Structure formats: structure tokens, C-alpha cells
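Subject: Structure handover

Hello,

Here is the structure for your work. My notes on it follow below.

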Amino acid sequence: MLSDSQGLKMSGKRKRVVLTIKDKLDIIKKLEEGSSSKQLSVIYGIGETTVRDIRKNKEKIITYASNSDSTSLLAKRKSMKPSMYEELDRAMLEWFNQQRAKGNPVSGPICAKRAEFFFYALGMDGDFNPSAGWLTRFKQRHSIREINIRGEKLNGDETAMDEFCSNFREFVQRENLQPEQIYNADETGLFWKCLPTRTSAVKGKFTASGRKLIEERVTVMCCANATGLHKLKLCVVGKAKKPRSFKGTDTSNLPVSYFSQKGAWMDLSIFRQWFDKIFVPQVREYLRSKGLQEKAVLLLDNSPTHPNENVLRSDDGQIFVKYLPPNVASLIQPMDQGVIAVMKRHYRAGLLQNNLEEGNDLKMFWKKLTLLDALYEISMAWNRVKPVTIIRAWDKIFPGNEEKDDLDFDEEEISATALATILQHTQGCEKVDTENIEQWFEVDSTEPGYEVLTDSEIIRRAQGQTDESSENEEEEIELIPERNINHAAALKWTENLLDYLEQQGDMILPDKLVIRKLRATIRNKQKMTMNPTQ
């Protein structure tokens with residue numbers, strides 16, 4: 001018989017709780033929102049050490065969940081049991097995600113053959129038999145519902161497109177969603193410093209100053225709702241965390257949401273941050289302003305950099321994602337139906353217009369162009385994309401959209417012929433013709449927003465080998481000299497500018513007020529520097 005003290009000890013002992021992957025995801029989200037380890041340990045009936053372990057393994061848990069196909073399996077699964085062949089498992093998952101994103105056919109036999117290739121390419125010991133049992137375990141480890149996708153390359157399946165569009169319209173009706181509550185986002189590569197010349201084509205790409213364009217590439221993600229009236233700030237991913245041209249600039253004040261990644265690619269972590277910290281809050285604010293329920297769906301393709309729907313969901317579950325089937329994404333994804341192309345045309349035409357206004361030699365203008373300049377220009381280009389262009393892009397999903405009846409359908413046509421004519425009077429571009437301009441417009445039209453790995457790169461990544469380059473690597477082309485401008489110099493320039501503009505006699509009052517306000521601000525700063533005790 002137990003003594004009273006023994007009974008108390010046993011009754012006070014905490015019951016062992018085994019968390020599911022979904023529980024761990026919920027804890028990670030609550031930690032990010034400011035909950036303490038102590039609070040969460042009480043809520044979930046676990047030790048504070050367990051909460052700290054979850055925080056430590058955050059990226060590993062999120063990556064695992066992002067590669068899962070099933071929400072219900074994550075709600076049941078309690079461990080991330082590793083494969084006996086971990087390197088092979090990593091290589092296969094990377095390969096599988098890329099195939100799915102491209103819409104390539106994937107079947108059990110194809111997977112088995114690929115697994116055998118990676119096994120020997122990785123230099124693994126022993127014999128490997130990619131049996132049906134191995135394939136089942138691979139699917140279970142990564143919560144992949146189905147691999148048995150057969151047939152020709154899946155991109156462009158019109159029957160599947162009709163089926164998805166019908167099902168999606170039924171879903172929208174069932175959920176009582178308005179066009180204002182339906183969004184699409186898609187990434188693209190942008191060669192922001194690409195010079196339009198007759199002699200710059202190299203293997204279908206362009207160069208500037210003899211350098212590979214990859215050095216001047218960023219990823220840009222566009223996101224808007226089906227009315228085209230809510231366009232979120234562009235999300236831009238560059239290589240450098242703090243490019244030289246950003247010196248003195250608060251990134252929160254940029255006209256875009258800027259992130260950095262060593263290859264300037266979108267990745268799972270950046271996309272999740274964007275969804276949680278930018279998309280959800282901005283969509284809530286917009287819907288509130290329209291008096292609509294704070295409920296929305298974001299339509300995405302199957303890019304390897306898009307986390308699973310298990311991860312991309314607001315706390316209340318009212319803002320969530322749905323995925324386009326890989327075999328129809330190329331046919332109906334709204335941002336790919338001319339929206340991104342129009343934005344890029346506006347960007348490049350805007351750069352030429354800036355050059356003409358400044359009266360510079362074109363090559364000198366491009367040489368001085370910085371990433372910061374490009375971000376402001378691409379933001380203006382996005383602002384110039386008309387709502388009707390975005391509405392038209394949803395035609396295949398919502399044919400006969402009533403929103404279109406009241407809109408002006410003027411084409412957003414940017415004439416390559418007109419630009420070529422202008423450039424023929426620009427030093428260094430006299431021989432540029434319409435065909436060259438069209439090539440310039442299309443130079444990055446097939447650039448994805450995610451990194452496409454070769455087999456060799458997949459193998460290196462699976463073995464834990466990474467590039468030596470740092471995420472803080474700076475754009476070599478941005479060689480901006482240090483300039484320390486004092487208050488007196490700034491004040492003198494401002495006064496000279498004001499005098500000059502007033503002499504022109506064509507200034508309007510608001511312009512004068514802006515410059516006078518700027519002059520007053522500089523004077524105050526100068527006084528504070530001279531009299532720091534005031």
C-alpha cells in the first residue's frame with residue numbers, strides 16, 4: 001500500500017504528452033507572436049525544455065511541414081522519422097518537388113529509377129532496391145498523398161483546366177467569397193540592369209558591361225486580387241542583405257518588400273515570412289476598408305518555394321491558400337496571363353524615359369543605375385498596371401466577370417517600334433531595331449522565381465555542400481563612392497534649387513511648398529548640430 005507522500009508524488013507527476021507536427025507548428029507560431037515558453041508549457045502540458053527544443057528546431061519542422069501534401073496526416077504524425085538513407089531522401093524530395101513544379105509526369109517506376117540513380121551518384125554503400133515498400137515509406141515520411149501521375153508532360157492539360165476551374169468556382173460560391181477576397185501571387189526573375197543593344201545577345205540572354213546577367217538578377221513577386229483594385233507592394237528578393245545603394249535607407253520605407261537570399265531566389269522561409277507578416281495583415285486591412293468579412297484565399301502554383309497549405313494559414317484559418325494543379329498552372333495562373341509581362345514592359349520603358357529626361361548617354365545612365373533606382377522604377381511599373389489588365393487575367397477562371405462591364409478596355413500596349421525609333425537618336429543605340437526591343441522585353445520572360453537545380457547540384461545539396469558565397473555579398477556593379485554631405489552644403493543646394501525653379505516662372509504652389517519645407521527641415525537640423533543643448 002502506498003503512503004500519502006508517495007501517492008502525492010505520483011499524482012503530481014506530469015503525464016507524458018506526445019505532440020503532433022501540427023501542434024509543433026502552432027507552438028512555433030505562438031512563440032513568434034510573443035508567447036513565452038512557460039505559458040506554452042502550461043497550455044500544452046509539456047516541459048519548458050520541450051518548447052525550447054521546438055524553437056531550436058523551428059526551420060526543420062517548418063521545412064518538413066512545407067513538403068507535406070496532407071493536413072490530416074500532420075495532425076496525426078508525431079515524429080519526423082528520418083530515412084535510413086538520409087542523403088538519398090533529401091535528393092529525392094528536391095527532385096520530386098522540382099518535377100511537380102514543372103508539371104512533369106511522375107510515376108512509381110520513374111521515382112524508383114531516379115532513386116537508384118541518386119543512390120549510386122551519391123556514392124552510398126551497399127545494395128539498394130527501390131521497391132514498392134521503399135516508395136510507400138518515402139511518401140509517408142513526407143506526407144505525399146499521390147505519386148502516380150502519368151502521361152505526357154502535364155503542362156497544358158485543357159481537360160484538367162476545365163475541371164479545376166469548375167471546382168474552384170463551386171468552392172468560391174460555397175465559401176461565399178467575392179472577387180475582392182480572391183488573390184493570386186507569382187514570382188518571376190528580373191534582369192534589372194539589362195541594356196538594350198544590338199550586339200548584347202549571348203546564348204539567348206543579354207549582358208551589360210560584359211558581365212553575366214545573373215549578377216544583376218532579382219526575384220520579383222506580384223500579388224493582387226481578382227478585381228485588380230488591391231495590388232500588394234511587390235516582394236523583391238535580392239542577393240545582398242544591405243546593398244551599397246541602400247546606405248542610409250531604412251528598408252521599411254522602400255516602395256517594395258525587400259528580402260535577401262544568397263542567390264536572389266525566393267525560398268520557403270521568405271515566402272512564409274511574406275505570407276504571415278505582409279500578405280495576411282494587408283489583406284485584413286483592405287477587406288475591413290471594404291466592409292467585407294476578413295476571409296480570403298490565395299491561389300498559388302506548385303513552386304518548390306511555396307510552403308504547404310498546412311503552413312500558409314492565418315491564426316483563425318480564415319485566410320488560406322489553394323494550389324493550382326501542376327498540369328494547369330501554365331494555362332490559367334492569372335499573373336502569368338500578361339500581368340507580369342506588362343509590368344516588365346512598363347519597367348523597361350520607364351528606364352528609357354528616365355534616361356531621355358536626364359539627357360545622359362544611355363550606357364553611362366545604365367552604368368550609374370543602382371538596385372535602389374531599379375526598385376523604385378519597378379514599383380512605379382507595378383502601379384501603372386491597370387485593374388482591367390488584372391481582371392482580364394482571371395478570364396479563364398471567371399469567364400463573363402461582371403466587373404469588366406464598367407471598365408475601359410484600352411490596351412496597355414507599349415510599342416517596341418516607338419521605343420526603337422527613339423533609341424535610334426540615342427548615342428550608342430543607333431542600330432537598335434524593333435526586333436532588338438522585343439527581345440529586350442522578353443529577355444527574362446521564362447525566368448522562374450525559384451532556383452532550378454541540376455542533378456549535380458541536387459547531389460551536392462543532399463550531401464550538405466553549399467556555395468561559399470555569403471548572403472551579404474554585395475552587387476559588384478554598385479561601386480558608389482562615399483560622400484559625406486554636411487547640413488550647410490545640403491542647405492545651399494536646396495536654396496539654389498528653389499531660386500532656379502522660381503526663376504522659371506512655371507512652378508505651381510505645391511512644388512514650392514515642398515522645397516521650402518525641406519529647406520526648413522535642413523535649417524533645423526543645422527541649428528541642432530550647432531546648439532546640441534537646445
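Cys235 stands opposite Ser257 in strand S6. The model is a predicted one. S6 covers residues 257-260 and runs parallel to strand S5, with 4 bridges joining the two. S5 also pairs with strand S4 (residues 217-225), in this case in the antiparallel sense and over 3 bridges. Within that pairing, Val237 of S5 is the bridge partner of Thr219.

S5 itself spans residues 235-238. Cys235 and Val237 point to one side of the strand, Val236 and Gly238 to the other, and all of them are buried.

On to the nonpolar cores. The largest has 69 residues, and those with the most contacts inside it are Phe168, Leu234, Ile332, Met343, Trp382 and Ile437. Helix H13 (residues 339-358) gives the most to this core, contributing 8 residues. Another core, of 26 residues, lies apart from it; Cys235 is among its members, as are Ala185, Leu232 and Ile278.

Which residues does Ile437 contact, if neighbours within four places in sequence are left aside? They are Pro196, Ala416, Leu419, Ala420, Leu423 and Val432.

Gln439 is located in helix H18, residues 434-442. Is Gln439 buried, partly exposed or exposed? Its relative accessibility is 35%, so Gln439 counts as partly exposed, since that class lies between the 20% limit for buried and the 50% limit for exposed. The C-alpha atoms of Gln439 and Ala416 are separated by 9.7 Å, with the two residues 23 apart along the chain.

Regards

How values were computed. Residues are numbered from 1 along each chain as its sequence is written. This is a predicted model: local features need pLDDT of at least 70, side-chain atom pairs count only at pLDDT 80 or more; totals for chains, interfaces and linings use all residues. Side-chain values use heavy atoms; hydrogens and water are left out. A nonpolar core is a set of buried Ala, Val, Leu, Ile, Met, Phe, Trp, Tyr and Cys residues joined through side-chain atoms within 4.5 Å. Buried means under 20% relative accessible area, exposed over 50%, partly exposed in between (1.4 Å probe, protein chains only). Contact means heavy atoms within 4.5 Å. Two strands pair if DSSP finds at least two bridges between them.
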